[in-house]
Amino acid sequence: MIYAVCGGKGGTGKSTFSLLLAKQTGALLVDTDAENPNLHALTNQELGEKIDDIFSKKAVVVKEKCKKCGICADRCRFNAIFWSPGNYPIIMDELCEGCGLCQLVCPFGAIKMEKVKVGELYLTNGNPRILTATTDGGEAGQVIPTAIEKAKEISKDFILDCPAGIHCNMLHQMEEADEVYVVTEQSPLGLQALKETLQAARELGKIPKIVINKATGDLKEFEKTANEFGAKIVKVIPYSDKIAKAYANGNILEVLE
Amino acid sequence: MKIAVLSGKGGVGKSLVSASLFKSISRKEKTVALDCDADNPCLRFWLGVNDFDKEHPLYISEKAVSKEMLKTSCPFGAIKNGKIILPLCHGCGVCKEQEPKKVEMKKSLTGWIRQKGNLFWGQLRPGETGSGKIVEELKKMGNEIEHNIEIRDSPAGLGCGTKAAVRDVDFGLIVVEPAPSSLVALKGTSKLLSHFKVPYKVILNKVGLNEKIENHIRKNYRIATEIPYKREVFESLQKMETPKFLKSRFEKIWEGLI
């Protein structure tokens, strides 16, 4: 069983809910917020043991075969190849997404795709077990698919704690999941973010379960939105100074359980 | 002068700080605010803005479209069972190259730039990429209005949107809450600003939740101001207004900056 926990707005409690879900289901937790992984910190754990490197593909020019025609630069949709007449093309690593189009279009077979390390995978031994993806920056492209494949090797049940937002890195995880949770907060921003995330889910044919955090009262507007998308609110966590303090002290689970 | 408000972690108070700063400075100087978080632009909520004067659609990206079953293997995993899953398409063109008669590359609506008075914000469409490009568009639109001060509310995290928002500013304000996750993020965020040679100070928000972390931050970073943890702040957000008790605090930050 693959779960995804997501939400349009940051700081609504996705990671906290992921922890709760892990405790309830015994599933492996996967922290895919590779630029800023924080799940381990929330449970006062260290990152754990490094279990693998994460590789992406990057295009490299094979100068012996290159005829400096510039077709690759012209066709690259990410503007990752710089070329001027009479010169070899220069592939800009930070912009190269490793799609391989340049290799396909080169008439002389002068581009090869090379494996480049873009991040690392760590696994804790604690409770819950946490698989963390880290990256040094740049496109997170291959980080998430690699983390998901590794999670599948380790456990058939895992929870993807997605980074906030509605960009395609999050969508990839939502698409993989059997069960999707959207976590939001009771505020005008939280409502707006909920609508956008439900819309994104709809485009992927998913109907998430909704969790509302920092609840302070009447949830009419949220219920209305949920109904419009055929979704249900499955958990409401009230706003609480005690929870805020526990979160800041790394012992949120004790208070929530 | 360009000021960026940023944080490695979401939900710590960037937009609250940006909104409060914008209100304080606007009283004295011609100020423009750019909400650079196109995934989740929430600056306008703190300013009580419910609509917009102008909207510009942005067609920055392209997506592959097909009515037929495809054999290509998509490098981004956007083709499953022969069908393109549009929200996952990165527009690389590989499937078009492999099966040119079956695939068409179509310009995709990436999102919008919206404007209300001196406030501009980007709104990404779900599933699109291009946050960095939206920020560059926002900067261009902001420059069309005469102003002395520009406040940029950055996206959370250290992705391309944040980099685009902070790389050319004069000063940075890093917002942090006293919690373990936020501390982890603070290191990365300060490193990013140092990389771009942007001087910065820290705004310590939600003070009162963890004294140990608060003291650590005070010891290791220059603090612009501290904001106490108060339920009242969340209640102000629900009412779409900046908390009144912060007004004088932000006037002092501004005086400290000039």
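Mentor: Let me begin with terms: helices are DSSP runs of H or I with at least four residues, strands are runs of E with at least two, and both are numbered from the N terminus. Please also keep in mind that this is a predicted model.

Trainee: Switching to charges, how many positive and negative side chains does chain A have?

Mentor: There are 30 positive and 34 negative side chains in chain A, and the centres of these two sets lie 3 Å apart.

Trainee: Which residue does A:E176 meet in a salt bridge?

Mentor: A:E176 pairs with A:K152, at 3.2 Å from N to O. A:E176 lies in helix α6 (residues 168-176) and A:K152 in helix α5 (residues 143-154), so the pair ties together parts of chain A that are 24 residues apart in sequence.

Trainee: Are those two buried or exposed?

Mentor: They fall into separate classes by the cut-off of 20%: A:E176 counts as buried because its relative accessibility is 18%, whereas A:K152, at 37%, counts as partly exposed.

Trainee: What about A:E185, which residue is its salt-bridge partner?

Mentor: That partner is A:K214, with the closest N and O atoms 3.5 Å apart. The pair links distant parts of the chain, since A:E185 sits in strand β9 (residues 179-185) and A:K214 in strand β10 (residues 209-215), 29 residues apart. Here A:E185 is buried at 2% relative accessibility, and A:K214 is buried as well, with a relative accessible area of 19%.

Trainee: Now the interface: how much area do chain A and chain B bury between them?

Mentor: They bury about 4,400 Å², 57% of it on carbon and sulfur atoms, and the contact takes 52 residues from chain A and 53 residues from chain B.

Trainee: How many salt bridges cross the interface of chain A and chain B?

Mentor: The rule finds 3 salt bridges across it; the side chains of A:E175 and B:K80 meet in a salt bridge at 2.5 Å, N to O. Over all chains the count comes to 35 salt bridges.

Conventions:
Residues are numbered from 1 along each chain as its sequence is written. Chains are lettered from A and ligands numbered from 1 in the order in which they are written. This is a predicted model: local features need pLDDT of at least 70, side-chain atom pairs count only at pLDDT 80 or more; totals for chains, interfaces and linings use all residues. Side-chain values use heavy atoms; hydrogens and water are left out. Lys and Arg count as positive and Asp and Glu as negative; His and the chain ends are not counted. The place of a charge is taken as NZ of Lys, CZ of Arg, CG of Asp or CD of Glu. Contact means heavy atoms within 4.5 Å. Buried area is the accessible area (1.4 Å probe) that two parts lose on being put together, summed over both. A salt bridge is a side-chain nitrogen of Lys or Arg within 4 Å of a carboxyl oxygen of Asp or Glu. Buried means under 20% relative accessible area, exposed over 50%, partly exposed in between (1.4 Å probe, protein chains only).
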